[in-house]
Amino acid sequence: MRLDGRRRSNNVVDKRGISGRSIGVGGGIIGVIIAAVITLMSGGDLGDVAQSALNEFSQGATGQQSYTPDAEDERLATIASQVLAGTEDVWTREFQRQGWGTYEPPQMVLYHGAIQTGCGQGSAQMGPFYCSADQTVYIDLDFFKNMEQTIGASGDFTYAYVIAHEVGHHVQYLLGTLDAAHNKMAELSDTEANKISVRLELQADFYAGVWAHNDNEMFGSIEPGDIERAVNAASKIGDDYLQRKATGREMPESFNHGRSQWRVNWLTKGLKTGDPNQGDTFSVPYGQF
């Protein structure tokens, strides 16, 4: 991904030096793996979409630990800031184009290990997440450093996809989609609520693709191989793939992000069209994504 000369966002807060360490209890390494794969790229916010996973797998104590960023940490922090700036540029333009009012960008907090958020305790085990209570995207950069080992995905554009997905949840929040979905989920059984969560996640994937299309249009940011790497990442974070990896079987009733192919389909649609109006995942019959 071409980012040379791109501006950095002013909405990044670096808390890596003051974050805590997450000490998981009760689950052992298997619990940590399951927590990571089920809540990977968790959308909505901790308080709603991901709270059940957080409660089950990420309860624990926190403590202080020293943290000194290395050169790769600083490179990733720069990328994250530049990508966030790109989402600001694209969504500011799109909100104006669509007549959606003024785009108010989210804050991004970089942390290490664990952090207190407006939605409760955040942990690196959860992967990047968006909290609508404080309109903030939280990222432990170790997630990017470990992506290749854990899910076989890497590359700057892949990291950008992850960030753009979380910003996609912020777009949902600004448009009222997120709150409406969460209110409906609260009225339903877990299985039916999960289906709404899937629709939210697929739309966030679509918005990530919309961002990439328009960012490339504005800045010529996409390089050969970038899209293939992002699609590969999307194929590795579907519930079916991750559940088989973690437990050896699928549990469709607990899907809350969608099948790998669904995620690929909606990311690809956003990349191709660049039109945020074509991402209505809520009108598509469930399972026909």
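This is a predicted model: local features need pLDDT of at least 70, side-chain atom pairs count only at pLDDT 80 or more; totals for chains, interfaces and linings use all residues.
**View 1. Packing of helix H3 against helix H5.** Helix H3 comprises residues 71-98 and helix H5 comprises residues 156-175. Their axes lie 9 Å apart and form an angle of about 40°. H3 is therefore oblique to H5, and the crossing in which H3 passes H5 is right-handed. On the H3 side, the contact is made by Arg75, Leu76, Ile79, Ala80, Val83, Leu84, Thr87, Trp91 and Phe95. H5 contributes Asp156, Tyr159, Ala160, Ile163, Val167, Val171, Leu174 and Leu175 to this contact. Sorted by class, the residues of the contact of H3 with H5 are 14 nonpolar, one polar and two charged.

**View 2. Packing of helix H6 against helix H7.** Helix H6 covers residues 177-185, and helix H7 covers residues 190-219. The axes of H6 and H7 come within 9 Å and cross at roughly 165°. Because angles over 145 degrees count as roughly antiparallel, H6 and H7 are roughly antiparallel to each other. The crossing of these two helices is left-handed. From H6, the residues Thr177, Leu178, Ala181, His182, Lys184 and Met185 take part. They meet Ala193, Ile196, Ser197, Leu200 and Gln203 of H7. The contact of H6 with H7 holds six nonpolar, four polar and one charged residues.

**View 3. Packing of helix H8 against helix H10.** Helix H8 spans residues 226-235, and helix H10 spans residues 260-273. The two helices pack with their axes 8 Å apart, at an angle of about 150°. This angle makes H8 roughly antiparallel to H10. H8 passes H10 in a right-handed crossing. In H8, the residues concerned are Ile227, Ala230, Val231, Ala234 and Ser235. Their partners in H10 are Ser260, Arg263, Val264, Leu267, Thr268 and Leu271. The class division for the contact of H8 with H10 is seven nonpolar, three polar and one charged.

**View 4. The largest cavity and its lining.** Two cavities of 30 Å³ or more are found in a search of the whole structure. The largest cavity has a volume of about 50 Å³. Its lining consists of Phe157, Ala160, Tyr161, Ala208, Gly209, Trp211, Ala212, Ala230, Leu267 and Leu271. At least two residues of this lining are supplied by each of H5, H7 and H10. H7 provides the largest share, four residues. The lining of the largest cavity has nine nonpolar residues, one polar residue and no charged residues. Ala160 lines the largest cavity and takes part in the contact of H3 with H5. Ala230, Leu267 and Leu271 likewise belong to the lining, and these residues are among those through which H8 and H10 meet.

Conventions: Residues are numbered from 1 along each chain as its sequence is written. Side-chain values use heavy atoms; hydrogens and water are left out. Axes are lines fitted to C-alpha atoms, for helices over the stretch in contact, and angles run from 0 to 180 degrees between N-to-C directions. Angles under 35 degrees count as roughly parallel, over 145 as roughly antiparallel, 65 to 115 as roughly perpendicular and the rest as oblique. A crossing is left-handed if the near helix is turned anticlockwise from the far one by less than a right angle, and right-handed if clockwise. Contact means heavy atoms within 4.5 Å. Ala, Val, Leu, Ile, Met, Phe, Trp, Tyr, Cys and Pro count as nonpolar, Asp, Glu, Lys and Arg as charged, and the others, Gly among them, as polar. On a 1 Å grid over the protein atoms alone, a cavity is a set of points where a 1.4 Å probe fits but cannot get out, and a pocket is an open set with protein on both sides within 12 Å along at least five of seven lines; lining residues have an atom within 4 Å of a point. Grid points are joined across faces, edges and corners, and a volume is the space filled by probe spheres set on the points.
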